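Hi,

Here is the structure I promised to pass on to you. Please open it alongside this note.

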Amino acid sequence: MEEIEWMKAETKRSTVARLQQMSSLCAMLPSQVQEVAKSVKRLWQDMSAVGHCRRFDLFELNPTDQMEIDDMSQATVLTDRFDRALLYATHVHGGQVRKGTGTPYVAHLLAVAATVLEYGGDEDLAIAALLHDSVEDQGGKARLADVRNRFGDRVAHIVEACSDSLADTTKGERKADWQHRKEAYLEKLERADSDILRVSLADKVHNARAILRDLRNDQIGAKIWDRFSQPKERTLWYYRSLADKFCQLLPGQLSEELREIVDVLERGTRR
Ligand SMILES: [Mn+2]
């Protein structure tokens with residue numbers, strides 16, 4: 001019983017916070033926020049009534065609740081779409097771990113989404129970051145159609161571009177050979193828009209960071225290279241090519257970071 005009360009309070013708190021954030025973005029007055037709160041409440045009641053969304057039964061949003069409006073006009077708004085994308089991603093990648101480790105795959109998706117947000121990306125970019133590996137690893141074209149349906153064209157466009165194969169490996173379809181796929185991916189970046197470049201770069205930076213971390217781990221060290229399907233020279237060639245491409249196509253702090261990590265990876269290998 002206590003738990004339910006706590007959940008109600010929590011759901012209410014985060015909803016109020018989001019409403020506040022949205023209202024400051026739309027430059028609404030507190031009285032208008034209350035109007036919005038009322039209509040949200042009505043909407044939720046309707047949805048609950050038709051059985052769409054039990055979660056909304058959990059609490060009563062009182063429109064007269066104190067809403068102190070901070071200046072968050074510069075803030076990135078994350079709505080329940082982001083929540084749904086996270087839930088969807090954990091479901092799609094459930095049980096999957098990062099190559100050669102016991103780390104749940106979602107750790108990578110969270111890291112990529114975090115980087116995208118830290119570098120000023122909006123909600124669509126963060127959602128695309130959470131879903132960027134869902135098509136290639138978990139369902140191919142059918143997954144892409146599902147992502148488009150749930151999260152819209154802009155997200156699907158990024159996710160599609162971040163996949164270097166649309167083969168459904170869960171149904172035994174084979175991907176093209178490694179070299180061919182990687183060359184095609186590098187070439188595709190040339191034509192990519194900045195949405196795609198930003199999510200793809202965050203992905204590559206997290207992968208490169210993970211390699212560096214394990215290379216520096218005494219328990220793993222140079223054995224890290226055995227995790228890849230290709231010899232280390234090929235893997236390093238790919239990361240160097242990516243770093244060069246990103247420095248050229250999306251110059252900035254994060255591309256520089258990728259280049260610096262690749263520098264260290266190359267030095268560590270020569271030792
Ligand atoms: Mn990835």
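This is a predicted model: local features need pLDDT of at least 70, side-chain atom pairs count only at pLDDT 80 or more; totals for chains, interfaces and linings use all residues.

Residues are numbered from 1 along each chain as its sequence is written.

The overall picture

The protein chain has 12 helices and 0 strands; helices (H or I, at least four residues) and strands (E, at least two) are DSSP runs, numbered from the N terminus. Of its 271 residues, 26% count as buried, where buried takes 20 or more other C-beta atoms within 10 Å of a residue's own, with C-beta atoms placed from the backbone. Among contacts with a separation of 6 or more, 66% join residues 24 or more positions apart; a contact here is two C-beta atoms, placed from the backbone, within 7 Å.

Helix H4

H4 covers residues 106–118. Its 13 residues reach 18 Å from first C-alpha to last, close to the 18 Å expected at 1.5 Å a residue (that is, 1.5 Å times one less than the number of residues). Which of its residues are buried? They are Val106, His108, Leu109, Val112, Ala113, Thr115 and Val116, and they pack against H3, H5 and H10. After H4 comes Gly120, with a positive phi near 90°.

H3 with H5

The axes of H3 (residues 80–92) and H5 (residues 123–131) come within 9 Å and cross at roughly 5°. Axes are lines fitted to C-alpha atoms, for helices over the stretch in contact, and angles run from 0 to 180 degrees between N-to-C directions. H3 is therefore roughly parallel to H5 (angles under 35 degrees count as roughly parallel, over 145 as roughly antiparallel, 65 to 115 as roughly perpendicular and the rest as oblique). On the H3 side, Arg81, Phe82, Ala85, Leu86 and Ala89 make the contact, and on the H5 side Glu123, Ala126, Ile127, Leu130 and Leu131.

H8 with H10

H8 (residues 153–162) and H10 (residues 194–215) also have axes that come within 9 Å, crossing at roughly 50°, so the two are oblique to each other. Arg154, Ile158, Ala161 and Cys162 of H8 meet Asp195, Ile196, Val199, Ser200 and Asp203 of H10.

Best wishes

Terms used
A residue is buried if 20 or more other C-beta atoms lie within 10 Å of its own, exposed if 12 or fewer, and partly exposed in between; C-beta atoms are placed from the backbone.
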